[in-house]
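Please look at the sequence and the structure first.

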Amino acid sequence: MNMVMDSRSLAASQPGAVSLREDQLRLGLWMFLATVTMLFAAFVSAYIVRRSGTDWRQVQLPAMLWVNTLILAVSSVALEAASRSGFRLRWRQAELAMGAALAGGLGFLAGQFVAWREMMAAGIYLPTSPHASFFFVITGAHALHVVAALAVLTWGAVATRSGATDVPAWAARMELCRTFWHYLGAVWLVLFALVSLY
Amino acid sequence: MTNGFVRRYIFSTDHKIIGIQYILTGLIMAIVGAWLAVLIRLQLGWPEHQWVFLSRLLPKGMPSGVMTPEFYLAVVTMHGTIMVFFFISYVLVSGFGNYLVPLQVGARDMAFPFLNMLSYWIALLSAVVMVLSFFVEGGAAAAGWTAYPPLSAVASAVPGSQMGQTLWILSMALFIASFTMSGLNIVATVFSTRAPGLSMMRLPLTVWSFFIASILGLLAFPPLTAGAVMLLFDRHFGTSFFLPSGLVVAGKLLPNTGGSPLLWQHLFWFLGHPEVYVLILPALGIAFDILPAFTRKPVFGYRISVWCLVAVGCLSMIVWGHHMFVSGMSPFTGEYFSLVTLTITVPMTIFGVNMLASLWGAKLELRTPMLFALSVIAMFGSGGFGGLFLGNATADMQLHDTYFVVGHFHMMIGGVTLLATFAAIYFWFPKMFGRTMNETLGRLHFWFTFGPFFVIFFMQHFLGLQGAPRRYYAFTAFDYLRDTRGQNLAISIAALLLVSGQLLFLVNFVWSLFGGLAAKANPWQATTLEWTTASPPPHGNFETQPVVERWAYEYGVQTTDGDFAVQTVPARNVPVTA
Amino acid sequence: MRRSLETALAAALFAVVGIGGVVYGARSWMPPLASRHGAGIDAMLLYLLVTVGGLFLTGYLALAYLIWRGGRRDRIGTRLASHKTEVVLSVVLGLGMAVIAEGGVLGIGMPVWTEYFDAAPPADATVIEVTAQQFMWNVRYPGADGRFGRTAPQLVDETTNPLGLDRSDPAATDDIVTINEIAVPFGRAVRIRLHAKDVIHSFFLPHFRVKQDAVPGMTPEMVFFPTSTGSFELACAELCGLAHYRMRGFFNVVSETQFRAWLSTQAATR
């Protein structure tokens, strides 16, 4: 009989305790976020270095970006609401809030796309000025990560639909969703401040 | 779960299969990389000679048997790229890392087996893309493995900067994605799946080295990703991240403004320097752990060595500027990087001394893995000393971009890693494949490898001292380099000897795979957990969950097994000595 | 019997490598020195070669000895060194190495480095502008007015005007331009302003211990003082494309009169 513990069997043998599996996923996510942080840190420091160049020309950024920031913030709030509702075992509310968070995420991406279109309509493209180049590259990189986070949110939403059947599993998934989603929201605030103010 | 050949051996999620897949892929890429090295040495040893049989094999690169400079530069660039990323990183870091870590921590598999499988297939794709880049218009990338813009950014600057460089960038993006997955896996596995009783300070140093190397890679690769994206955009979308105003290339004025070539160098070397430690740390950890099996006594200074690896990992992230002393960086920054770079000598010296001191009072068995492990110590010291020269900004002024650098890094990430890779293969082959490699062929292989390797790269240090610059297609255009002709000839002969010696290894490896004697569970009488299970281990690794009672170096004790106790031997049976 | 042969061979290998290495290395040196600050660089390198050479030999002989002893032993010696021994040995040798390495930098290296970079260029230095391109060195002298004329990349014509000199600029009328040839008068410092037109190159004068990357978009300067007359080669030390290996220039240190004569012939042939 195979008695070697793997993550699942270990979890199964200790009902009620936090599953090893979720521990590993959380660890994996935090390390992934460390990697992602280094990526954006590289872009930010490249931006700062380039900023001091003589040919820097600040381009006009569309107001749409503020709207998108608001949408992303609201989506984070919705995610928190979903989490709270779940802990209060109000699953219907939790499902709705998750839906709102997902919609917000999609809305953010759509809004970013609109913002890009607006800039191009105003004649501002990738090579137009270093500010524009960095803007497109940085927001593009961020958007790609949001796409990945949306996949994670969907996974969390699916868990919420059947949340009542396994609350600890749902809670662990929600923690991962919230960490990733709020992280990207915070990163957006930093990036937005950088490209608008500096 | 494990039915069918495809599920079991091709798309397996078993870390052992994945590890072997990485190792085999890496060995194939090593053959490609070695072939490129042969081409380089043929050109430098016998410039202007016509290699007629090669003109048939490489009609575009060597028309009428003489290599073209554009082909030479592509060969040099790809040799470096392939050896660093697709040989050493695949075999040593991903291959042995995947194979050994779960076994040595007493786990069934990695923390994320599916991600592991994905990482391998992306790695394979990355290697294929890199090799394919030879066959596009303009040939493979030719701006050096360091890909400095503007040379790498402007298509007309060198033929390889047409599609070849783009494919290089895409291949590297895939590589980094694969490495990130692999690294996450190793770190999560070490943190969360250690057997009961296996505290961090009871881990074999091998596991520590993979652990630290993975963290290092996770943190260091992203700036290169950022840089690669920006380089891609400069190349294809008209941006000016790295391209300044007023560039006139091949008679044409380029429209770019304001970019900085130095920015690329910072981003590249921010990865580039930690990367060499990502490669060398596992090599050192493996060599360190192989020693006690053949000295039959515990290693010297295990705990201190752990801290040395940690220190080196941390320090390696703040010294990248020593690649840029003459780049136009401010002299003050140069002073900083010089002083900090040289602090790395402290943990590295301590580590080297610990390896040497582990031989004190030893009862030596000079089997093949041990011969290679001993030569790791020798090569590490030799190459490491070159670091004192290059980290010193003043000395570097004369030595930068000369063959001194080439000699130094080949000894470190070519020599130490290669010798450790061989030590690892000879050592763990019985465990991996349940068969024994031929000892005589192995020893012969050693004798054909260390000597020639040392001669080649030791001599290159002095070529650099004499002023021979890197990446030169030939040294015939300069009077002051006239005297290097004889040295280059000697180096090329040694190189041909070295490469032919590797055939001994390949023959041994393949033959033993199918016809080697059956191996026992613990042929080396070693103490770590992988030796407590069958050779090869079953799916799931261990029949019962190992429980660890002691550190990984319990040699020189009286037990029923002999003069050692594996990590699972209970404390009541044999006293725990550390 | 077999065991002692293996042991002897392995020990001999490392002993031979160690001794052979230092013997071989001791016979190698740089091209003859021709600059003032270069003496400092040479001193730095000599210090490193001697100290590292000694450590190299010691290490290899130690390894050879340990293999020799270990291969002939039937039982292990002291099994486990005391923690104190481990710490003391590590700290002593680690610090010793740090002293050698950092001591070299702080004692010899830094003074040379700061002197080279921080010293103000003498007023009578010969000022030269070098613009590297694929695959030659464009050299420009400011002429009698001591000022370099304006250049613009738009004006570049590879056959007639590789520097893109603006001939309408009065300061440019007396500029003297050569290709791959630099002459300087002996007895004065040399001050070089480095440009690059297309990709990164590197201005390398091995005899003068001078090396500086020529980076497009930047204008690094170097100042050095020749201490010998003669004709010295200039090489490119940063991969710049196909003909990187034959981007050869000449740096001629001549007497003051020969220098003036040479300058006037260059001006006349324009």
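How many residues of chain B are in contact with chain C?

## Basis of the report

This is a predicted model, in which local features need pLDDT of at least 70, side-chain atom pairs count only at pLDDT 80 or more, and totals for chains, interfaces and linings use all residues. Residues are numbered from 1 along each chain as its sequence is written, chains are lettered from A and ligands numbered from 1 in the order in which they are written, and side-chain values use heavy atoms, with hydrogens and water left out.

## Chain B against chain C

In chain B, 105 residues are in contact (heavy atoms within 4.5 Å) with 100 residues of chain C. The side of chain B that touches chain C has 67 nonpolar, 27 polar and 11 charged residues. Here Ala, Val, Leu, Ile, Met, Phe, Trp, Tyr, Cys and Pro count as nonpolar, Asp, Glu, Lys and Arg as charged, and the others, Gly among them, as polar.

Four salt bridges, written 4 by the rule, cross the interface of chain B and chain C; a salt bridge is a side-chain nitrogen of Lys or Arg within 4 Å of a carboxyl oxygen of Asp or Glu. B:Asp479 forms a salt bridge with C:Arg248, with the closest N and O atoms 3.1 Å apart.

## Two helices of chain B

Helix α8 (residues 261–295) and helix α9 (residues 302–315) of chain B have axes that come within 11 Å and cross at roughly 170°. Axes are lines fitted to C-alpha atoms, for helices over the stretch in contact, and angles run from 0 to 180 degrees between N-to-C directions. Helices are DSSP runs (H or I, at least four residues), numbered from the N terminus. α8(B) and α9(B) are therefore roughly antiparallel to each other, a term for angles over 145 degrees.

How values were computed. Angles under 35 degrees count as roughly parallel, over 145 as roughly antiparallel, 65 to 115 as roughly perpendicular and the rest as oblique.
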